[in-house]
Amino acid sequence: MVYLSLLISYLIGSVSFSYLIAKKIAGIDIRSHGSGNAGATNTLRVLGKGPAVTVLVLDALKGLAAMGLTHLLTDGNALAYALSGLFAIIGHNWPVFFGFRGGKGIATTVGVAFGFSPLAFLISGIITITVIAITRYVSLGSLVLVTMLPIFLYVFAKEPAFIWVSTVLAIFAYIRHYSNIRNLLSGKERRLGESAQRPFK
């Protein structure tokens with residue numbers, strides 16, 4: 001059941017809501033506009049706040065859904081529960097249904113973080129929102145989130161599987177944000193509110 005639950009988690013993660021909503025609203029492939037990323041931030045730049053919030057919520061729920069299903073299928077196996085969140089993020093980043101071209105996994109990580117520990121998520125989230133509010137760099141806030149999460153999980157959750165998997169998630173996030181990190185260092189990163197040219201009227 002563990003392997004089945006991880007496969008299902010990957011498939012759940014592979015549902016790209018950014019792609020589907022952009023196709024429905026504007027008839028476009030979101031990956032061909034803005035940053036080219038199939039995620040909530042690029043949806044905000046290309047389609048606006050409403051679609052972006054919808055994508056953020058649905059992508060976060062993917063992680064929670066995968067973990068909840070795994071909890072039921074594996075009788076509460078902590079390692080399987082944690083890994084299912086990782087596999088949902090892998091699915092989001094490399095979706096089998098969309099040519100393995102997905103997002104960067106942060107919105108899904110938000111759901112997974114909540115599934116690990118609401119308290120650790122809340123504190124990490126407050127720090128993240130503060131960083132974004134001050135700098136207006138979503139990418140920087142995202143990296144702060146994944147960096148803080150293992151630390152607060154160590155403090156509050158104490159479950160080794162959660163701590164180690166969240167550390168892997170952080171490594172994933174840094175790899176996926178490589179170009180953002182380069183842009184941040186060179187001063188070329190786009191700030192929140194700097195919209196891409198809309199592909200439709």
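Two residues are in contact, or touch, when they have heavy atoms within 4.5 Å of each other. With that in mind, welcome to this predicted model, in which local features need pLDDT of at least 70, side-chain atom pairs count only at pLDDT 80 or more, and totals for chains, interfaces and linings use all residues. Residues are numbered from 1 along each chain as its sequence is written, and side-chain values use heavy atoms, with hydrogens and water left out.

**Two serines**

- Ser16 sits in the loop that joins α1 (2–13) to α2 (17–26); helices here are DSSP runs (H or I, at least four residues), numbered from the N terminus.
- Ser16 counts as buried because its relative accessibility is 5%, where buried means under 20% relative accessible area with a 1.4 Å probe and protein chains only.
- Leaving aside residues up to four places away in sequence, Ser16 touches Ala38 and Phe98.
- Ser166 belongs to helix α9 and, at 1% relative accessibility, is buried as well.
- The contacts of Ser166 are Phe116, Leu149, Pro150 and Leu153, again not counting residues up to four places away in sequence.
- Between Ser166 and Leu83 there are 9.5 Å in space, C-alpha to C-alpha, although they stand 83 residues apart in sequence.

**Helices that pack together**

- Two packed helices are described by the angle between their axes and the distance between the axes.
- The axes of α1 and helix α5 (residues 78–93) come within 6 Å and cross at roughly 35°; axes are lines fitted to C-alpha atoms, for helices over the stretch in contact, and angles run from 0 to 180 degrees between N-to-C directions.
- The crossing of α1 and α5 is right-handed, meaning that the near helix is turned clockwise from the far one by less than a right angle.
- On the α1 side, Val2, Leu6, Ser9, Tyr10 and Gly13 take part, and the α5 residues they meet include Leu83, Phe87 and Ile90.
- This contact of α1 with α5 has eight nonpolar, five polar and no charged residues; Ala, Val, Leu, Ile, Met, Phe, Trp, Tyr, Cys and Pro count as nonpolar, Asp, Glu, Lys and Arg as charged, and the others, Gly among them, as polar.
- Helix α9 (residues 160–176) packs against α10 at about 65°, with axes 4 Å apart.
- Here Tyr174, Ile175 and Arg176 of α9 meet Tyr178, Asn180 and Ile181 of α10.

**The largest pocket**

- The largest pocket holds about 940 Å³ of space; on a 1 Å grid over the protein atoms alone, a pocket is an open set of points with protein on both sides within 12 Å along at least five of seven lines, a cavity is a set where a 1.4 Å probe fits but cannot get out, and lining residues have an atom within 4 Å of a point.
- Volumes are the space filled by probe spheres set on the points, which are joined across faces, edges and corners.
- This pocket is lined by 40 residues, with Ala40, Thr41, Ile106, Val138 and Ser142 nearest its centre.
- Helix α7 gives the largest share of the pocket lining, seven residues.
- The pocket lining has 16 nonpolar, 17 polar and seven charged residues.

**The cavity**

- One cavity of 30 Å³ or more is counted, and the largest cavity holds about 30 Å³.
- Ile89, Asn93, Lys104, Thr109, Leu169, Phe172 and Ala173 line the largest cavity.
- Helix α9 makes the largest contribution to this cavity lining, with three residues.

Technical notes:
Buried means under 20% relative accessible area, exposed over 50%, partly exposed in between (1.4 Å probe, protein chains only).
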